[in-house]
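Me: I have a structure open and would like to learn how to read it, feature by feature. Can you take me through it?

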Amino acid sequence: MKIKDKRNRNKMKNEHKLVNKQKELSIYNSEHGPYKIISFINLGGDMSKIKEEYLNNKLTNLYFYKKKMHNFLFIDTGHFTDIETAYIIRCSDLVVFVVNSIIINEKVLQLVKRHLPSCIFTVLDKKYIKSCKKFVNKFLPDQKVVEVSLLFNYLCARSFSTKISARPFMIPLSIDVRSDNIYVIKGFMKKGLLTDKVIINGKYEGTVVNIKSDKIYSGSELGMTDDEKSHFKTVTNIDDTEMEVIDEEQILENDESTSSDEYYSEDEEENKYPSLIDKYKEYKGIKNIATCELPTDKYPDYYQNLIFFQDFKHVNKIIVNRKSIIADNQMVEITLKLTDSIHDNIFVMFGYYEFEDFKTIHNYSFQGKCKTGEKLLVDLGYKIIEVTPTLTKLNNNNLHKREESLDTGVISFIAPLSFDLHKILIFESNLLKETSIRTFKMVGMNLGIKDRKLYDEIVLQGLPIKIHKRSCTVKRMFYSKEEVLYFKEIGLYTKNGRSHGFIKKPLGVHGAFKAYFSHPIASNDKIYMSLYKRAFLNDY
């Protein structure tokens with residue numbers, strides 16, 4: 001009986017899936033839309049047959065397949081750059097890779113596969129099926145290879161879901177340029193806009209004046225009201241209490257009040273070195289950097305304008321799932337006012353979510369060679385920005401040391417707030433702002449929107465002389481008695497932290513001092529002192 005019940009449940013589930021699939025496919029039966037967005041990418045050979053039959057020799061073509069009563073919006077990526085191709089496939093229901101040669105271009109697939117929705121491979125000539133299947137099994141083993149004669153049947157029978165771009169977007173079909181950077185764009189709106197802010201081709205920002213669909217909507221009607229925004233708990237500046245409180249147990253203040261009557265004579269030249277007191281006056285000594293908060297009262301001014309949410313995951317879910325007053329899957333006409341004139345072909349327009357005009361701190365894990373301070377181009381999925389990142393190691397400490405270079409770790413930078421962002425593409429910066437396979441550097445995986453507290457470390461080094469078990473005289477770390485007294489309360493350690501100690505008293509006036517340690521000092525040991533200072537990210 002139990003087995004029979006299980007079979008009945010499975011049968012009902014399959015019937016339910018079939019009904020949902022038929023409903024999903026039925027929306028494309030009207031000749032005037034909506035449309036399945038299909039992008040064609042040539043991996044080798046002549047695809048003129050595809051251009052004539054499917055694209056009507058256009059870059060974009062609305063096609064109604066009467067035999068199966070199905071509507072398509074076909075896009076030819078043959079004239080697109082690498083980044084344009086990568087952007088358009090994120091908005092596609094399906095990507096068709098066209099093969100008409102025994103030599104298949106692997107480089108084209110390397111960049112687009114990172115944001116690839118559903119895809120298939122179609123072969124224009126049967127003699128290339130074997131080599132195409134071998135290629136697919138190597139790079140995308142789960143995808144199918146179909147002959148071009150069966151392509152329409154496949155496109156009509158299957159339902160596809162674009163999981164990459166949950167963001168509102170539109171595929172422009174015609175553009176009319178007016179004066180003063182006013183553009184009127186007609187096209188297919190796959191997902192309705194949620195604010196009046198948009199970005200074209202990932203780099204041209206603009207504001208919606210109005211939208212014509214079933215009726216005319218002004219741009220101001222798209223966003224949230226002030227009452228709706230007030231429900232989100234945000235932190236728009238650095239906590240004032242954090243800026244003022246200093247933990248006396250962790251932060252060892254530099255003490256200048258200690259003195260010594262003992263004099264240690266040295267035959268050295270008069271001090272010609274710059275004062276370490278002035279050089280490192282912003283640094284502190286810390287007992288345990290792993291557990292210390294290292295508070296500061298000197299935050300950069302631009303940190304006051306950063307925004308953080310108390311529960312970002314909850315806010316992200318609400319913002320992304322919010323319904324637009326503009327219906328999905330329809331042809332619309334949008335009047336835009338852009339900040340700059342556009343000199344490129346307009347191929348995709350993304351809409352902003354609410355709050356995305358504010359700045360915050362992004363953190364992403366990465367694998368690949370990178371340097372702190374090196375300018376990089378970051379593809380956020382809907383726009384490309386140039387950042388100057390900071391690198392840290394991936395750990396659970398309260399504070400994170402700013403590293404000069406890393407092969408794996410965390411990359412942090414200040415940039416516009418972005419919702420529904422799981423990973424980013426990172427490119428080398430260049431004069432032309434080119435984002436292509438040649439400039440691609442690595443992928444970053446999202447670690448969350450938060451202030452990752454950074455610090456810089458300076459290590460002073462001294463040489464032990466006159467060693468007597470656990471005590472010794474140290475010189476060449478400081479160059480004056482005043483410096484010894486200033487840094488006296490900060491701890492010392494030997495190589496690998498084998499022995500920890502402290503400064504007992506200065507000896508002479510040239511920077512030598514007497515120190516005691518927890519373990520005996522060897523003649524080949526060196527004495528170290530670490531100083532720490534809060535570090536901050538560069539502004540966007």
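**Reading the model**

Reply: Buried means under 20% relative accessible area, exposed means over 50%, and partly exposed lies in between, with a 1.4 Å probe and protein chains only. Keep in mind that this is a predicted model, where local features need pLDDT of at least 70, side-chain atom pairs count only at pLDDT 80 or more, and totals for chains, interfaces and linings use all residues. Residues are numbered from 1 along each chain as its sequence is written, and side-chain values use heavy atoms, with hydrogens and water left out.

Me: Which residue forms a salt bridge with Asp379?

Reply: A salt bridge here is a side-chain nitrogen of Lys or Arg within 4 Å of a carboxyl oxygen of Asp or Glu. For Asp379 the partner is Arg90, and the closest N and O atoms are 2.6 Å apart. This pair ties together distant parts of the chain: Arg90 sits in helix α3 and Asp379 in strand β19 (residues 376-379), 289 residues apart. Helices (H or I, at least four residues) and strands (E, at least two) are DSSP runs, numbered from the N terminus. Arg90 is buried too, with a relative accessible area of 2%.

Me: How many residues of helix α3 are buried?

Reply: First the general idea: an α-helix has 3.6 residues a turn, so residues three or four places apart point the same way. In this case, helix α3 (residues 82-90) is mostly covered, with eight of its nine residues buried. The buried ones are Ile83, Glu84, Thr85, Ala86, Tyr87, Ile88, Ile89 and Arg90.

Me: And how many salt bridges does the structure hold?

Reply: There are 15 salt bridges. One of them joins Lys383 to Glu205, with the closest N and O atoms 2.9 Å apart. Again distant parts of the chain are linked, Lys383 being in the loop between β19 and β20 (384-387) and Glu205 in strand β10 (residues 204-212), 178 residues apart. Lys383 counts as buried at 5% relative accessibility, while Glu205, at 34%, counts as partly exposed.

Another salt bridge runs between Asp525 and Arg498, whose closest N and O atoms are 2.6 Å apart. That pair is 27 residues apart: Asp525 belongs to the loop between β30 (512-517) and β31 (527-535), and Arg498 to the loop between β28 (492-493) and β29 (500-507). Asp525 is buried at 10% relative accessibility, whereas Arg498 is partly exposed at 42%. You'll also find a network of salt bridges linking Lys186, Lys212 and Glu333.

Me: What share of the contacts in the protein joins residues 24 or more positions apart?

Reply: Counting contacts with a separation of 6 or more, 76% are between residues 24 or more positions apart.

Me: Now the backbone. Which residues other than glycine have a positive phi?

Reply: Most residues other than glycine have a negative phi, and most peptide bonds are trans. Asn329 is one to look at, with a positive phi near 55°. Its place is the loop between α10 (312-321) and β16 (330-338), and at 23% relative accessibility Asn329 counts as partly exposed. Asp420 also has a positive phi, of about 55°. Asp420 lies in the loop between β23 (405-416) and β24 (423-428), and is partly exposed at 26% relative accessibility.

Methods. Contact means heavy atoms within 4.5 Å.
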